[in-house]
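Reader: I have the sequence and the coordinates open. Walk me through the fold, please, one question at a time.

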Amino acid sequence: MTIELSVVGTAAAALLAAAVVALISTPVVRSLAFRVGAVDVPKDGRRMHNHPIPRMGGLAIFFGFLLSVLVFLPLSKQYRGMLLGAVIIVILGIFDDIYALPAKPKFLVQIVAALIAVHAGCRIYILSNINIFSSDPFWILGWLSIPISVFWIVGITNAVNLIDGLDGLACGVSTISSMTLLVIALTVSEPDVAVLTAALAGACIGFLPYNLNPAKIFMGDTGSTFLGFILATVSIQGLFKFYTIISFAVPFLMLGLPIFDTSFAILRRLAKGQSPMTPDRGHIHHRLIDMGFSQKQAVAVLYVISAILGLSAVVLTTSGVVKATLLLVALCVTGWMAIRIFISHNSTIEEHLRQLEEQDDESPKTSDKKEDTTP
C-alpha cells in the first residue's frame, strides 16, 4: 500500500478550496432563500425546530464542490455525465425547497438523472459473488448493470435525504462517508476518486458551521439529494469495480446509516399498509429524540455510529475481513455500552429531580396543616 504525496496534496487543496467556497457562499444563499420563499415553517410533529428557517443551503455545498472539481480534476466522459446528473438533481431540489413538489415527479426526475450518469459510464458492471463456496469470484451483470446502477443511485440519493431530520445530521454523516471514501481511494490508488471525495467533504465542512444546532440554514432537498447522488455515483467508480468481497461490503458499511434507516422506514410503512413514500416520525433520529436525547446528543450518537462503520470500511479495505469484523464488533459493543450508561445516568438524574420536586410540592401542604391545627 503506497500513497502518493502528490495525490494527497491535490486532494487537500480540493478539500480546502471547496470548504472556503461553501463557507463564503452560504450567507449569500441564505439571503436568496428568504427572497425566493425557500423557508421551512414547522407545521407538524416531524419538525424539530419551532421557528421558520431558510432551506436550499445545499446550493452552497454544490458551488463549493463544483468549483473545486472543475479546478482540480480533468473531466472525463464519466465525470461529465455525473456532473450533468448532479445539476439536474440540484435544480430539482431548488424547486422542491421553494414549492414542495410531490414525491412521484421527483422520483421520476431522479431516475432520469441517474440514467444520464449511467449512460456516461458510471455503472456497476461487476458484483462480487457473496457466496464464498462458489467457484466464480464475481458476477458479470451485462444488461442488468443498467437497472442495478440506477437503483443504487436513486436509492442512496433518497436515503441521504431521509436522514436529513436534525440540524447537521445529513451534512455530518455525508462528511464522514466522504472522508471514509477519500481514505480508501488514497490507499487503493484512485486519485480521481480521491479528489472528488475531498471536494465533497470540503464543501460539507464549509457548510456545517451554519447547519449545526441551532441551525441558521437547512441544506434542504437541494443539498441532501445532491449529497446522496454524488456519494452513490462516486462509490460506483471507486469501490464496485474491484473483484473482491470488499467491493460489495465497503459501500454498505460506508453508507450504512442511511441505508439502514431507509430500509427500516420502507419495511415499517409497508407493514402498516402505507406507501413507502409516506412521511412519518419513525426514523432513527426521531427515536433517539423520543428516548430523551437532545438534538445535539442524538446527532453526536449518529456521528459515532457512522464513524464506526466508516472506520470498519477502511480497515476492511486495508487489513482484511477478519480484522474489520473484529473491529466492528468491538466498537459496536463499546458504543452500545456507552449509550446504555448515558441513558441510565440521565434516568437517574431525572428520577432524582422528580423526587425533589415531589418533596417541594408536599412541604407547603404539611406546613398548612400545622397552621390549621393551631388554636
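## Helices, loops and buried residues

Reader: Does H5 have the span its residue count calls for, or what distance separates its end C-alpha atoms?
Author: This is a predicted model. Helix H5 covers residues 145-162, which is 18 residues. At 1.5 Å a residue, H5 should span 26 Å.
Author: The buried residues of H5 include Ser145, Ser149 and Val150. Ile153, Val154 and Ile156 are also among them.

Reader: Are H3 and H4 roughly parallel or roughly antiparallel?
Author: H3 spans residues 77-99 and H4 spans residues 103-119. Their axes are 7 Å apart, and the packing angle is about 170°. Angles over 145 degrees count as roughly antiparallel. The two helices are therefore roughly antiparallel.

Reader: How many residues of the contact of H3 with H4 are nonpolar, polar and charged?
Author: H3 passes H4 in a right-handed crossing. From H3, the contact includes Leu84, Ile88, Ile89 and Leu92. From H4, it includes Val109, Ala113, Ile116 and Ala117. The residues of this contact divide into nine nonpolar, four polar and three charged.

Reader: Is Ala100 buried or exposed?
Author: Ala100 lies in the loop between H3 and H4. Its phi is near 55°, a positive value in a residue other than glycine. The relative accessible area of Ala100 is 53%. Exposed means over 50%, so Ala100 is exposed.

Reader: Is Met56 buried or exposed?
Author: Met56 sits in the loop between strand E2 (53-54) and helix H2 (58-72). It has a positive phi of about 75°, although it is not a glycine. Its relative accessible area is 2%. The cut-off for buried is under 20%, so Met56 is buried.

Reader: What distance separates the C-alpha atoms of Arg55 and Phe218?
Author: Arg55 is found in the loop between E2 and H2. It is buried, with a relative accessible area of 16%. Leaving aside neighbours within four places in sequence, its contacts include Asp40, Asp97, Ile217 and Phe218. Arg55 and Phe218 are 163 residues apart along the chain, yet their C-alpha atoms are separated by 4.3 Å.

Reader: Which residues does a cis peptide bond join?
Author: Look at the loop between helix H7 (191-211) and helix H8 (220-238), where Pro214 is found. Omega is about -5° at the cis bond. The residues joined are Asn213 and Pro214.

Reader: Which residues is Arg268 in contact with, leaving aside its neighbours within four places in sequence?
Author: Arg268 has its place in helix H10 (residues 256-271). At 10% relative accessibility, it counts as buried. Its contacts, with those neighbours left aside, are Asp280, Gly282, His283 and Arg287.

Terms used:
Residues are numbered from 1 along each chain as its sequence is written. This is a predicted model: local features need pLDDT of at least 70, side-chain atom pairs count only at pLDDT 80 or more; totals for chains, interfaces and linings use all residues. Side-chain values use heavy atoms; hydrogens and water are left out. Axes are lines fitted to C-alpha atoms, for helices over the stretch in contact, and angles run from 0 to 180 degrees between N-to-C directions. Helices (H or I, at least four residues) and strands (E, at least two) are DSSP runs, numbered from the N terminus. Angles under 35 degrees count as roughly parallel, over 145 as roughly antiparallel, 65 to 115 as roughly perpendicular and the rest as oblique. A crossing is left-handed if the near helix is turned anticlockwise from the far one by less than a right angle, and right-handed if clockwise. Contact means heavy atoms within 4.5 Å. Ala, Val, Leu, Ile, Met, Phe, Trp, Tyr, Cys and Pro count as nonpolar, Asp, Glu, Lys and Arg as charged, and the others, Gly among them, as polar. The expected span of a helix is 1.5 Å times one less than its number of residues. Buried means under 20% relative accessible area, exposed over 50%, partly exposed in between (1.4 Å probe, protein chains only).
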